[in-house]
Amino acid sequence: PKETEIQEAIEATRPWLEIEKIRNDVGRIQRIIDELEAGGLVALYNGRSEMGPRALGHRSILGDPRSKSLVRFINKHVKHREAFRPLAPSVLAEEASKWFDLKNENESPYMSLTTSVLESKRAEIPAVTHVDGSSRLQTVTKESDPFFHAILNGFFKKTKVPMVLNTSFNTIRGEPIVETPMDAIRSFLNTMGGIDMLVLGDYVIRRKFANIKALMGEVSLDKQGQYDKLTRVPKRTGPAEFETIFETTELLEESQPKTKTRVRMPDRPMHHDEENEWFELIDELEGEVLSMCSGQSTLDDMMGCFTATPDDQPVTEKMYEDSRHIFEQISRRLVRLYEHTLISW
């Protein structure tokens with residue numbers, strides 16, 4: 001991808017990302033190794049895309065093969081598929097025979113060879129060892145892919161395990177491996193924190209957490225040494241289309257009908273025409289909060305809509321408790337809407 005494509009994708013999603021640019025390959029590789037060793041998942045978008053059905057280190061999700069729990073976590077929370085699906089290793093070609101029964105096969109550069117993990121090694125790499133002891137591996141040489149080989153070699157030096165778990169970088173059901181930088185960021189955000197780090201070209205990216213304090217006003221010193229209070233204002237990501245569905249039955253005419261409200265916002269980064277086209281709101285309050293996120297109303301303004309009282313009315317303990325409860329409820333919905341990229345501030 002061109003650098004301009006990466007920059008455009010980052011700028012379009014900056015409100016939801018923590019971004020660090022590291023031009024040095026060694027620096028980015030070390031970040032990846034440290035994250036993997038700590039148990040995190042890393043999405044890698046590096047260089048040109050690959051042909052074929054397997055991710056080979058250019059469009060991959062990487063993990064620690066020593067962690068058995070990663071299999072269920074990745075399948076359930078990242079890939080959204082059956083928990084039994086096996087995951088594969090990418091291994092240093094020069095170390096592969098010490099871990100796998102390669103017999104007459106010395107290389108498997110395209111992750112096409114299924115073989116047995118040596119029985120003495122199976123307990124060490126449970127995340128990439130299937131129930132029958134088999135594994136479909138990719139062997140990586142320094143000549144074929146210097147960057148990916150350096151990741152594996154660095155992880156080997158740190159853990160004594162010459163491989164990483166490698167699965168294709170696609171997290172939206174029915175979607176192929178990511179192709180564009182925007183695909184990569186959308187897929188990363190879609191995991192809701194399931195993937196800890198995205199390495200996109202020279203950029204190391206993490207998900208930004210919602211900062212409610214910024215909506216309440218943050219105090220800082222200006223250039224003249226005076227205190228300045230900056231209050232951020234929540235704003236919808238783009239035009240929104242609301243739809244409410246009523247459910248009732250003739251047998252329960254006197255009961256309240258069940259309602260379900262959802263919103264469609266094509267401009268939000270996590271929007272997907274098939275899987276995430278409509279976002280279901282949890283209640284009427286969330287819909288009201290979203291409708292007020294015009295970029296003009298502060299959190300105090302929102303509170304005023306729900307807690308307004310006459311000026312001459314004394315504030316009681318109950319009124320204080322009610323206001324605190326409303327503040328908590330509005331804040332939770334603002335955070336949820338932010339996390340799903342419907343709003344930013």
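This is a predicted model: local features need pLDDT of at least 70, side-chain atom pairs count only at pLDDT 80 or more; totals for chains, interfaces and linings use all residues.
Residues are numbered from 1 along each chain as its sequence is written, and side-chain values use heavy atoms, with hydrogens and water left out.

Start with the sheet. Helices (H or I, at least four residues) and strands (E, at least two) are DSSP runs, numbered from the N terminus. Two strands pair if DSSP finds at least two bridges between them. Ten strands make up an open sheet with mixed pairing, in the order E1-E10-E9-E2-E3-E8-E4-E7-E6-E5. Its edge strands, E1 (17–21) and E5 (100–101), each pair on one side only.

In E8, Val 164 is the bridge partner of Ser 90.

Helix H5 (residues 181–190) lies across E1, E2 (42–45), E9 (197–200) and E10 (203–207), and runs at about 175° to E9. Contact means heavy atoms within 4.5 Å. Axes are lines fitted to C-alpha atoms, for helices over the stretch in contact, and angles run from 0 to 180 degrees between N-to-C directions.

Next come the aromatic rings. Rings of Phe, Tyr and Trp (its six-membered ring) pair if their centres lie within 6.5 Å; planes under 30 degrees apart count as stacked, over 60 as edge-to-face and the rest as tilted. The whole structure holds two such pairs. In one, Trp 16 and Tyr 338 are tilted, 6.5 Å centre to centre with 35° between the planes. This pair links distant parts of the chain, 322 residues apart: Trp 16 is in the loop between helix H1 (3–13) and E1, and Tyr 338 is in helix H9 (residues 317–339). Tyr 338 also forms a tilted pair with Trp 345, at 5.0 Å and 40°.

Charged side chains form another set of links. A salt bridge is a side-chain nitrogen of Lys or Arg within 4 Å of a carboxyl oxygen of Asp or Glu, and the count comes to 19 salt bridges. One of them joins Arg 186 and Glu 175 at 2.5 Å, N to O. Arg 186 lies in helix H5 and Glu 175 in the loop between E8 and H5, so the pair ties together parts that are eleven residues apart in sequence. Both Arg 186 and Glu 175 are buried (buried means under 20% relative accessible area, exposed over 50%, partly exposed in between, with a 1.4 Å probe and protein chains only).

Another salt bridge joins Asp 283 and Arg 333, also at 2.5 Å, N to O. Asp 283 is in the loop between E16 and helix H7 (284–292) and Arg 333 is in helix H9, 50 residues apart.
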